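Here are my notes on the two-chain model. Please read them with the structure open.

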Amino acid sequence: MTRSAGRPQILTAALLAPAVLLFAVMLLAPLLVIVVFAFGERAPAGGYAAAFTFDNFLNLPARGKAFINTLTLAPIGTLLTAVIAFPVAYFLALRCDPKWRVTLLVLVMAPFWTSQLLRYYAWIMLLGAKGVPAWLSYLGFPDIRIINTPWAVLIGAVYGYLPLMVPPIYVSLEKLDKRLLEASSDLGATPLRSFLQVTLPLALPGVATGAMLVFILLMGDYILPQYLGGGKVFFIGNALVDLFLQSRNWPYGAAVSLALVAIMFVTILVYMRFVLGGSGQRRVALV
Amino acid sequence: MNLFMYQLHRGVVGEVDSVIEFRKVTKRFGDVVAVADNDLAVMPGEFLSILGPSGCGKTTSLRMMAGFEQPTSGEVFIRGANVTGVPAYRRPVNMVFQHYALFPHLAVSANVSYGLRQRSPKPAAAEIARAVDEALAMVRLSGYGQRRIHELSGGQQQRVALARALINRPAVLLLDEPLAALDRKLRRDMQIELQNLQRDVGITFLLVTHDQEEALSMSDRVCVMREGRIVQTGSPRELYDRPVSRYVADFVGKTNFFKGPSAGEVLSIRPELIDIAASEAELPAGVSARFSVKVLNRIFLGEHTEYVVAHARLGEFMVMAPRKTERHAGLYEIGEMIAAGWRPEAERILPND
């Protein structure tokens, strides 16, 4: 790295200052507050009272169910979304007529145009007793319950996060050099082997990026489990809403959210190693 | 019939079976006819080039041999077997792509071994490793196996692409403008290397190029294409000395065209076959046509000097004067009146297509 000649250091600092300030104020300061809170005590009337105790962390298992739900349903939801998004992105990037491509991509994103709440309400109707289960029993299937079960949360996760998963996979498939597939075919690989040995490995960075986006958002989600899980399938996010807004136990809530931050941090580290790692060589851009 | 006997018969159409053959092959893309009713036979062990400007159908022809495209009508044969409709992955030919198309996520050795690893049954690991070492040695890249593709220079990538194709011992190696992406100096080196490689491995090479110099210098035979049709096939010398039409004469080497004896014909005279001298009397004996011309331009090109001269009736034409004649007669200045002429055998009357 060579420093660009002639630009005074003071100018560089001045140009960076707004971003650094914003970063410090908007991200680090709240995080610091959370850390301080996490070691404090609940004030008698709720809120925060200064103290130094590890009790909040030791109490984390009390919310174990929320952690278990989040840590099982978020990865499974992410995986399901990726599995369903891949063929969509593959079709858009490699199989569909280019003149339809933009239209279809916009359609994939279309659900984002309406409110999340509205869309989950629609799913409550669809998955509720008078929705899909009713149609299925009309067709002779045994009665099943979907709403307020983990299944409903997973269906909601796939539906809600598909628009975030498709674009990064699409981009990595779109910029895949199609001549590589010809080369692979020329060297004797059947279409399936070409897909497994060339297309898939080269699209993995896109899958990882999409999975990362969805996983982080899904881990912190509380609207989805609240509406489609109906309070029975609750996430860490729901626990936080409860702790901060209902029982006003801010220090305990701070400890729970710190645990969530720690889990995210580890996930991002794994992602960085996976996508940027390899032979210590930056192989692919983030998107 | 073994390889050596093939080599003896090399280039003689009809005596040995072709290794790739087009029979009445036509390829249309919508309304556009890319390849029109072509017959072509590639002989075992030969180095054949398909030469033509972009859009003449040469790449489409190559892609039909590889199996990336299927003919609209006609048939393709490889080693006597009709492979029309057979996909690329079931054809015993391999291709070196214009921009190499190396797999960026695989190391050099994994790129080179790719073809062997697709085989069923898959060869043993030790066997593959040995073949990779051999192939890399062949293209002078021993020890580069663990490198990643993006760490290699253009010339090295080119050689990996060659090794990746040749390791499979294809019936024919198809080369799609393989040198186009290299700089001039490297291109010359690779031309020589390709020729040597072809002689060493004894595999049939089929090269597609728009560069006439490349085609002439490397190939045993050249096939000139125009607008989807094969215009002429022959040795480089045949094409140069006995072009069948104005188009071939123009495309292969430099030449001067003059008005022909009839409207449909032109007179072609290669610039190196024209003699110049200070006066008509000083032109060598045997020169039948003698003209008084004016020097319009002079370009020094090292081993020879290129003159553009003008004659009142014939118009402007080009003359290549070797250094030797320069030593005899000296340099002619721009604007000077000199004499130009040629022997009767230099004249070639060609259809004006």
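A residue counts as buried if 20 or more other C-beta atoms lie within 10 Å of its own, as exposed if 12 or fewer do, and as partly exposed in between; C-beta atoms are placed from the backbone. This is a predicted model, in which local features need pLDDT of at least 70 and side-chain atom pairs count only at pLDDT 80 or more, while totals for chains, interfaces and linings use all residues. Residues are numbered from 1 along each chain as its sequence is written, and chains are lettered from A and ligands numbered from 1 in the order in which they are written.

1. Met109(A). This residue is partly exposed, because 13 other C-beta atoms lie within 10 Å. Met109(A) sits in helix H4 (residues 98–109) of chain A. Helices (H or I, at least four residues) and strands (E, at least two) are DSSP runs, numbered from the N terminus. Leu164(A) is 55 residues from Met109(A) in sequence, yet their C-alpha atoms are 8.1 Å apart.

2. Helix packing in chain A. The axes of H3(A) (residues 64–95) and H9(A) come within 9 Å and cross at roughly 145°. Axes are lines fitted to C-alpha atoms, for helices over the stretch in contact, and angles run from 0 to 180 degrees between N-to-C directions. The crossing is right-handed, meaning that the near helix is turned clockwise from the far one by less than a right angle. Among the residues making the contact are Gly77(A) and Phe86(A) of H3(A), and Gly210(A) and Phe215(A) of H9(A). Contact here means C-beta atoms, placed from the backbone, within 7 Å. The contact has 10 nonpolar, five polar and no charged residues. Ala, Val, Leu, Ile, Met, Phe, Trp, Tyr, Cys and Pro count as nonpolar, Asp, Glu, Lys and Arg as charged, and the others, Gly among them, as polar.

3. The A–B contact. Chain A gives 16 residues and chain B gives 18 residues. On the chain A side, helices H8 (178–186) and H9 (191–220) each supply at least two residues. H8(A) has the largest share, six residues. By class, the chain A side holds seven nonpolar, four polar and five charged residues.

4. Chain B overall. Chain B has 11 helices and 18 strands. Its C-alpha atoms fill a box of roughly 75 × 45 × 40 Å along the principal axes. Of its 353 residues, 39% are buried.

5. Domains of chain B. An automatic or database domain assignment sets the bounds: domain 1 covers 3–248 and domain 2 covers 255–351. Their centres, taken over C-alpha atoms, are 39 Å apart.

Conventions: Two residues are in contact if their C-beta atoms, placed from the backbone, lie within 7 Å.
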